[in-house]
Amino acid sequence: MAEWEPLQVGVMFWTGGVLGVDASPAEITAMVKSLGVSCGQLGVHGQADIGPDGSAAWKDALESSGIALNTVFAAFDGESYADIPTVEKTVGYIPANTRQEREHRTREISDFAHSLGVPGIAAHIGFVPEDHGDPGYIAVRGMMRRLCDYCSVHGQTFALETGQEPATVLREFISDVDRSNLKVNFDPANMILYGSGEPLAALDVVHPWLVSVHCKDGTWPKEEGAFGEETPLGEGDVGMADYVAKLKAVGYTGPLTIEREITGEAQRGDILRAIALLEQLRAA
Ligand code: MG
């Protein structure tokens, strides 16, 4: 697997959808390459083939396009980001009715990432309860220990996506799980979109666990229970120049991975402008 330079600009792209509906791995990597980037994170949909055939196709597509992955991101069937109460009920490992099958799928994602030589996986775990005696909290903490141990056999990190809880809650959860390969994928826009706290202050709290980041932007929610609005990079409330400067200040050297969660030509245009902005900020 190819490597990346410090703060190399990359993109988040997906099996099948988002950058290419029903597209093959070769078509998707060609689209990524056409943006002018050569590193990124691969999001894996719940239905994606990550068995031997799927792995072989992705390995071939990534190698022939020269795209380096730093993370494989897990998404699961049944997840919905319609509004915050729906996220609580459907996303990640907190919902009890899907926990077991998602644990199984995450092990498969770890195997898939290992077959591609990728050093880490990541997921939204859902809203971590603040009460450490909550049965959901205890069950998910035990599950995270098992998953981290599984990833550790592959030499992988497991990164938790930020945003669904305040940074201090995430930090406490990480220290309570107590596994050295449990890390953070920092998404500054999510902190704003979920109303979970100022992103730069959150970075002060979680940067010792930082292994990867998203470069995404957005505006604060206008009412309780609603999301803020995702915007093109540089047009929201994150403050991209300050964000990149802060990443440099805390010693982050991984890729700057653009995430733009819309589809079609508008997404492509926004990503191209985001690349130009981040190249400037990276050099500043
Ligand atoms: Mg993100």
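Buried, in these notes, means under 20% relative accessible area. I start with Asp-187: its relative accessibility is 0%, so I log it as buried. The model I'm looking at is a predicted one.

**Entry 1: around Asp-187**

I looked up where Asp-187 sits, and it is in the loop between β6 (182-186) and α7 (188-193). Next I checked what its side chain does. A polar atom of that side chain lies 3.1 Å from the backbone nitrogen of Asn-190. I then listed contacts, skipping neighbours within four places in sequence: Asp-187 is in contact with Glu-161, Thr-162, His-214, Lys-216 and Glu-259.

**Entry 2: the metal**

Which protein residues are donors to the magnesium ion? I find Glu-161 (OE), Asp-187 (OD), His-214 (ND1) and Glu-259 (OE), at 2.1 to 2.2 Å from the ion. Written as a sequence pattern, the donor spacing is E-x25-D-x26-H-x44-E. Buried or exposed, for His-214 and Glu-259? Both are buried.

**Entry 3: the nonpolar cores**

I went for the largest nonpolar core next, and it has 74 residues. Phe-13, Tyr-93, Met-144, Phe-158 and Phe-186 have the most contacts inside it. Helix α5 (residues 135-153) gives the largest share of this core, seven residues. Apart from that core I noted another, of six residues, including Trp-14, Phe-73, Ala-75 and Ala-159.

**Entry 4: Tyr-93**

Tyr-93 was on the list of residues with the most contacts inside the largest core, and I gave it a page of its own. Where is Tyr-93 placed? It is in the loop between α3 (84-90) and α4 (99-115). With 0% relative accessibility, Tyr-93 counts as buried. Leaving out residues up to four places away in sequence, I see Tyr-93 touching Phe-76, Arg-99, Arg-102, Thr-106, Ala-123, Ile-125, Val-140, Met-143, Met-144, Leu-147 and Phe-158. I also took a C-alpha to C-alpha distance to His-114: Tyr-93 and His-114 are 22 Å apart in space and 21 residues apart in sequence.

**Entry 5: Gln-8**

Then I moved to Gln-8, in the segment before β1 (9-14). Its relative accessibility is 13%, and Gln-8 therefore counts as buried, the cut-off being under 20%. What does the side chain of Gln-8 make a polar contact with? The partner is the side chain of Ser-38, at 3.1 Å. Not counting residues up to four places away in sequence, Gln-8 touches Ser-38, Cys-39, Gly-254, Pro-255, Leu-256 and Arg-282.

**Entry 6: the whole chain**

Last, I stepped back to the overall numbers. I count ten helices and ten strands in the chain. The radius of gyration is 17 Å, close to the 19 Å from the globule rule for 284 residues, so the chain is as compact as a globular protein of that length. Along the principal axes, the C-alpha trace spans about 50 × 40 × 35 Å. Of the 284 residues, 55% are buried. For contacts between residues at least 6 apart in sequence, 79% join residues at least 24 apart. The accessible surface is about 11600 Å², and carbon and sulfur atoms hold 51% of that.

Methods:
Residues are numbered from 1 along each chain as its sequence is written. This is a predicted model: local features need pLDDT of at least 70, side-chain atom pairs count only at pLDDT 80 or more; totals for chains, interfaces and linings use all residues. Side-chain values use heavy atoms; hydrogens and water are left out. Donors are N, O and S atoms within 2.8 Å of the metal (3.2 Å for Na, K and Ca); water is not among the atoms, so sites may look incomplete. Buried means under 20% relative accessible area, exposed over 50%, partly exposed in between (1.4 Å probe, protein chains only). A nonpolar core is a set of buried Ala, Val, Leu, Ile, Met, Phe, Trp, Tyr and Cys residues joined through side-chain atoms within 4.5 Å. Helices (H or I, at least four residues) and strands (E, at least two) are DSSP runs, numbered from the N terminus. A polar contact is a pair of N or O atoms within 3.5 Å; within protein, one must be able to donate a hydrogen and the other to accept it, and residues adjacent in sequence count only if both atoms are side-chain atoms. Contact means heavy atoms within 4.5 Å. The radius of gyration is taken over C-alpha atoms; the globule rule is 2.2 Å times the number of residues to the power 0.38. Accessible areas come from the Shrake-Rupley method with a 1.4 Å probe; for residues, only the protein chains shown count as cover.
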